[in-house]
Every structure is written in structure tokens, then in C-alpha cells.
Amino acid sequence: MTMSNTGGRRRPPTIHDVAREAGVSRGTVSRVLNGGHYVSPAAQEAVNAAIRRTGYVVNRHARSLITGRSDSVGFLLTEPQERFFEDPNFNVLLSGCTQALAAHDIPLLLMLAGTKDERRRITRYITAGHVDGVLLVSSHSGDPVAEELRGAGVPLVQCGKPMGLRSKVSYVAADDRDGARDMVRHLLSLGRRRIGVVNGPLDTPGGVDRLAGYKEVLTEAGIPVDERLVVTGDYSRASGEAGAERLLTQAPDLDALFVASDLMAQGALAALRRAGRRVPEDVSVGGFDDSTAATEATPALTTVRQPYDRISAEMVRLLLAQIAGEEPAAVILPTELVLRDST
């Protein structure tokens, strides 16, 4: 740390201090800080070593005035605020994206926009240039946010396959359909034939694809799809409980449940206990996600694991590539069946 000329107070090191310590020009230091273009490996190493020795910290505000970038990324959740605190998947994604961006020294801004007014305000904020790009989570079909951001030229990566968008959007998704197929095949292998499903919303890609996987496997097995065994929730615990109660009324002979999220499955387990149904003796139950809700459930849930660590890393990779000027791209990752006590 360098001494100031007034009162012996220490002042933060500057880019001039780094240049002097490294034995290079201020322009070379500036080029290293802005990506290392046209800098020799030896000069880059000298500058990086000088930064470590002096403790220099980039003045992000000053750099943003030069580059036109904010050096930050938004994590936008278009769900009501209470869902962020209830659903453990959102926190896992947020943590994974934060860690992936930290490797690039880029902070992540959490943005919650569950109402039309909130979405309008957040969209205004983003398009004003306050972030360089957006990681969009839980966007429903008909939600205009993704379309508006892409129309404004904002780099964007969505978690889950986009629905109903006219413009091309980067996305990272788990293979929801294949994961559902694995779960239903597992339930059939146990001898279960009256398999109910508490599905996710049909205006989300997971809701559409998980239901499609459920129906495909039953059809392949020669079992007609009975609509009395199909209900829809909203991925909340309460909707899983209400959905299981409806199924028990509509199809009291059900012997298995595929629930399209672990959180909903917790609710379904509560409904089954209240109805006197033993799990897994009377009804086998499978969830989806492999979140903490699966391991905290009683009994512990058999579920479909989404690779959230890889999803987070890929979302960040695609977003940084877009910010650097690359075209949108898509990644679909495989899921894994995890067997526990509920089946």
C-alpha cells in the first residue's frame, strides 16, 4: 500500500504504481486489465505479479466509463418472492452462478420480479445498461421479459428451454422428458400400474416435458393414460399436497405417484400420510430435482437428479461468450435416477 502526501495516510495503489512495480507502461497495465490483448505473456505475468504485490484493486466505475460495461451480471427470477425462499433449487442455482462468475471477478446481482410492475421496473433497469447480461430463471410462456431483453440486445441465458419466443435465446436445461421416463419406468419395474402424476405448470418447459415423458412410458407399456391420474401443481409444497389429495379422490386405487418436483413431493407425502397410505408399501413416490427437499423428506425421496452445478457453470459460460460477442447457443444436460426409501 502506498503512502499519501497528507498526514501519512495510506492511499490505495494506482495503475501507475502497478506499472512502476512491473517495469512496464501504464498502457500495458491497462491492456492486461481489459483482457490481455496485444500483451506478451512475460509482460502479462509481470503485471499480474505486480497487482498481487501492490494489492491493486480495479476501479470498476472508472473502467465502466471507458469500456461501456458494468462488469456485473443479473440473476433474474420471474417468480413471487416467497418462491425464492421456499424452493431450494433457486438458491442452489444462485450459489452456483455466483461461484462461476467469481472465478472471473464478476459480481452477480439478484433480481426478483414476480409481478408485472416488478418485471417492468427490472426490465427498464437492465436495458439502461446497469448489467452486462442476464441469467433468467423460471420464465413462463407469455412472460415478455426474455423477448424484451433480447429485442434490446441484452445478452441473455435462460435456465430451461424457452417457450413461445420469436427470437433466438441461449439456454441450459436438464433433459426433463428423459428424466421423467426414467422415473416412470422405475415405478413400472416395481409392479406399479396405477401411477398418478402431480405435474408442474404447463406454461413451463419442465411441466410440458415431464408430463410428456410420463405419458410416453405408459403408452410404451400398453397402459392407457387415465386423465383422472393427472393433476397440475405450481412446484410449491402446498400444490403437491393439494394435488395428491385430488388424485386420492379421483383415483383411490393409485399405487404410485410421480411428482414433478421434490418440494411438491413433500406435500404429496403429507397428504398420503393423512389418508393412511404407507410409503412405499401402499404407494411408491418419486420426485424430481434431487434437492434438499428430497433428503429431508420422510421417507427420503427417490428422485431425478438435475445437475445444478453443471447447469450453473454452463449458463455462466454461455452468457460470458455472448457478452464477448458470440452467438446464442443451447446446452441440454442428462439427468440421473437416484434411488431412496420412497419407492
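**Exercise 1. Contacts of valine 285**

Task: In this predicted model, find which residues valine 285 touches, leaving out residues up to four places away in sequence.

Solution. Step 1: Contact means heavy atoms within 4.5 Å. Step 2: Applying this to valine 285 gives Leu257, Val259, Leu269, Leu272, Val279, Leu301, Thr302, Ser342 and Thr343.

**Exercise 2. The nonpolar cores**

Task: State how many residues the largest nonpolar core has and which of them have the most contacts inside it.

Solution. Step 1: The largest nonpolar core has 41 residues. Step 2: Those with the most contacts inside this core are Val184, Ile195, Tyr214, Leu257, Phe258, Val259 and Val285. Step 3: Look for the elements that supply at least two residues each: these are the helices H9 (176–189), H10 (205–220), H11 (237–250) and H12 (262–274), together with the strands E8 (195–199), E9 (230–232) and E10 (256–259). Step 4: H12 gives the largest share of this core, six residues. Step 5: Another core, of 29 residues, lies apart from this one, and its members include Leu108, Leu135, Ala174 and Val331.

**Exercise 3. Packing of H11 and H12**

Task: Describe how H11 and H12 pack, giving the angle and the distance between their axes.

Solution. Step 1: The axes are 6 Å apart, at an angle of about 45 degrees. Step 2: This angle makes H11 oblique to H12. Step 3: The crossing of H11 and H12 is right-handed. Step 4: On the H11 side the contact is made by Arg237, Ser239, Gly240, Glu241, Ala244, Glu245 and Leu248. On the H12 side it is made by Leu263, Met264, Gln266, Gly267, Ala268, Ala270, Ala271, Leu272 and Arg274. Step 5: Sorted by class, the contact of H11 with H12 has eight nonpolar, four polar and four charged residues.

**Exercise 4. Packing of H1 and H3**

Task: Repeat the description for H1 (residues 15–22) and H3 (residues 41–54).

Solution. Step 1: The axes of H1 and H3 come within 8 Å and cross at roughly 120 degrees. Step 2: That angle makes H1 oblique to H3. Step 3: The crossing of H1 and H3 is right-handed. Step 4: H1 contributes Asp17, Val18, Glu21 and Ala22 to the contact, while H3 contributes Ala46, Val47, Ala50, Ile51, Arg53 and Thr54. Step 5: The residues of this contact divide into six nonpolar, one polar and three charged.

**Exercise 5. The whole protein**

Task: State how many helices and strands the protein has, and what percentage of its residues count as buried.

Solution. Step 1: The protein has 14 helices and 14 strands. Step 2: Of its 343 residues, 53% count as buried.

Definitions and conventions: Residues are numbered from 1 along each chain as its sequence is written. This is a predicted model: local features need pLDDT of at least 70, side-chain atom pairs count only at pLDDT 80 or more; totals for chains, interfaces and linings use all residues. Side-chain values use heavy atoms; hydrogens and water are left out. Axes are lines fitted to C-alpha atoms, for helices over the stretch in contact, and angles run from 0 to 180 degrees between N-to-C directions. Helices (H or I, at least four residues) and strands (E, at least two) are DSSP runs, numbered from the N terminus. Angles under 35 degrees count as roughly parallel, over 145 as roughly antiparallel, 65 to 115 as roughly perpendicular and the rest as oblique. A crossing is left-handed if the near helix is turned anticlockwise from the far one by less than a right angle, and right-handed if clockwise. Ala, Val, Leu, Ile, Met, Phe, Trp, Tyr, Cys and Pro count as nonpolar, Asp, Glu, Lys and Arg as charged, and the others, Gly among them, as polar. A nonpolar core is a set of buried Ala, Val, Leu, Ile, Met, Phe, Trp, Tyr and Cys residues joined through side-chain atoms within 4.5 Å. Buried means under 20% relative accessible area, exposed over 50%, partly exposed in between (1.4 Å probe, protein chains only).
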